[in-house]
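Here's a friendly walk through the structure shown below. Have a look at it first, then read on.

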Amino acid sequence: MLIDKHTTEIDGQQLHYLRAGEGPPLLLLHGLLGGSFCWRLNLDALSREHTVFAVDLPGHGESDAPRELDCSMATQAGRVSSLLERLHLEEVDVVGASWGGAIAMFLAAQQKNIRSLVLVAPVNPWSNLGAGRIRFLNGRMGSVLLRMAWSLSRPLYRTALERMYGDPGLVTSETIEGYSSRVMRPGRVHNILNTLCSWEKDVSSLRAAIPRIKSPSLLIWGTRDGAVDLRSGEALRRALPDCKLALIDHAGHLPFEETPDEFNRLVLDFLRRQ
């Protein structure tokens with residue numbers, strides 16, 4: 001598999017992305033603290049049938065950004081829209097995970113050229129898991145503590161990732177190093193705080209945006225997801241048009257890493273039917 005690395009400028013910000021394969025375009029949007037690295041176990045299978053674009057959104061992955069950059073979901077969706085225009089992609093399928101899933105929904109609500117959506121445990125208005133932590137980090141004390149602890153947090157990455165996985169034993173040293181090297185980039189803690197400060201507003205706006213989505217969609221959830229409430233998946237399924245919900249037994253919040261073969265099969269089967 002040949003993977004090309006690209007850099008472009010969107011709204012004055014550097015945006016890195018990977019491109020692989022040939023076929024109908026498929027855009028991959030990572031979750032919070034993630035990047036194109038998240039899709040390392042999926043690119044080979046997906047690129048056999050699609051031209052895959054895996055982005056590092058500004059302030060994430062290898063796309064460094066100023067400390068004060070607006071990293072809200074709605075603004076990131078606007079940047080993705082500009083990227084699609086830059087790449088001359090007139091019709092595209094989109095896979096979005098967690099925070100990236102919410103961005104994908106904002107994008108589909110704005111754009112008519114989104115052919116279909118695959119949403120992996122997306123942030124949504126019906127899940128309240130983690131809401132208390134986000135409110136705390138948005139407060140003065142929480143933001144100060146996070147900035148102070150960030151540079152010392154590397155030893156905690158294994159524990160954090162194990163909590164994201166349905167089976168903690170699947171977390172590898174490569175996975176830990178891949179995430180930590182990106183999370184520790186200069187200014188990253190400020191980018192994350194800027195993302196969180198608009199979180200509640202974004203989620204509220206998402207509730208209003210969802211009825212404007214016309215694209216068929218597939219929801220994928222791990223049955224052991226502890227980050228985005230599995231029960232919210234049914235409410236989201238009812239709110240989206242032509243939407244199906246697929247569960248992956250024993251997987252957690254990152255099924256594309258935990259059970260890549262099953263995840264890839266679900267995605268490709270869905271895309272072939274569109």
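This is a predicted model: local features need pLDDT of at least 70, side-chain atom pairs count only at pLDDT 80 or more; totals for chains, interfaces and linings use all residues.

R231 is out in the open: its relative accessible area is 69%, so it counts as exposed. (For these labels, buried means under 20% relative accessible area, exposed over 50%, and partly exposed in between, with a 1.4 Å probe and protein chains only.) R231 forms a salt bridge with D229, and the closest N and O atoms of the two are 2.9 Å apart. A salt bridge here is a side-chain nitrogen of Lys or Arg within 4 Å of a carboxyl oxygen of Asp or Glu.

Residues are numbered from 1 along each chain as its sequence is written, and side-chain values use heavy atoms, with hydrogens and water left out.

**The overall build**

The protein's secondary structure comes to twelve helices and eight strands. The radius of gyration is 17 Å, close to the 19 Å that the globule rule gives for 274 residues, so the protein is as compact as a globular protein of that length. (That radius is taken over C-alpha atoms, and the rule is 2.2 Å times the number of residues to the power 0.38. Helices, H or I with at least four residues, and strands, E with at least two, are DSSP runs numbered from the N terminus.) The C-alpha trace spans about 50 × 40 × 40 Å along its principal axes.

How much of the protein is buried? Of its 274 residues, 56% count as buried. The protein exposes about 12300 Å², and carbon and sulfur atoms supply 52% of that; accessible areas come from the Shrake-Rupley method with a 1.4 Å probe, and for residues only the protein chains shown count as cover. Now for contacts, meaning heavy atoms within 4.5 Å. Among those between residues at least 6 apart in sequence, 74% join residues at least 24 apart.

**Salt bridges**

The structure holds 13 salt bridges. Here are some of them:

| Pair | Closest N and O atoms |
|---|---|
| E49 and R272 | 2.5 Å |
| R115 and D93 | 2.9 Å |
| R231 and D229 | 2.9 Å |

Take E49 and R272, which form a salt bridge. E49 lies in the loop between α1 (43–47) and β4, and R272 in helix α12 (residues 260–272), so the pair ties together parts that are 223 residues apart in sequence. E49 is partly exposed at 29% relative accessible area, and R272 is partly exposed at 49%.

Then there's R115, which forms a salt bridge with D93. R115 lies in strand β6 (residues 114–120) and D93 in strand β5 (residues 92–97), so this pair ties together parts that are 22 residues apart in sequence. R115 counts as partly exposed at 24% relative accessibility, while D93 counts as buried at 2%.

Back to R231 and D229, which also pair up in a salt bridge. Elsewhere, salt bridges that share partners join E49, R265, D269 and R272 into one network.

D56 is in strand β4 (residues 51–56). Leaving aside neighbours within four places in sequence, D56 is in contact with several residues, including L15, H16, H30 and S63.

L33 has a positive phi of about 70° although it is not a glycine. L33 lies in the loop between β3 (25–29) and α1 and counts as partly exposed at 33% relative accessibility. H88, also a residue other than glycine, has a positive phi near 60°. H88 is in the loop between α2 (73–86) and β5, and at 67% relative accessibility H88 counts as exposed.

Finally, R238 lies in helix α10 (residues 232–239) and counts as exposed at 58% relative accessibility. R238 and D70 are 168 residues apart in sequence and 31 Å apart in space, C-alpha to C-alpha.
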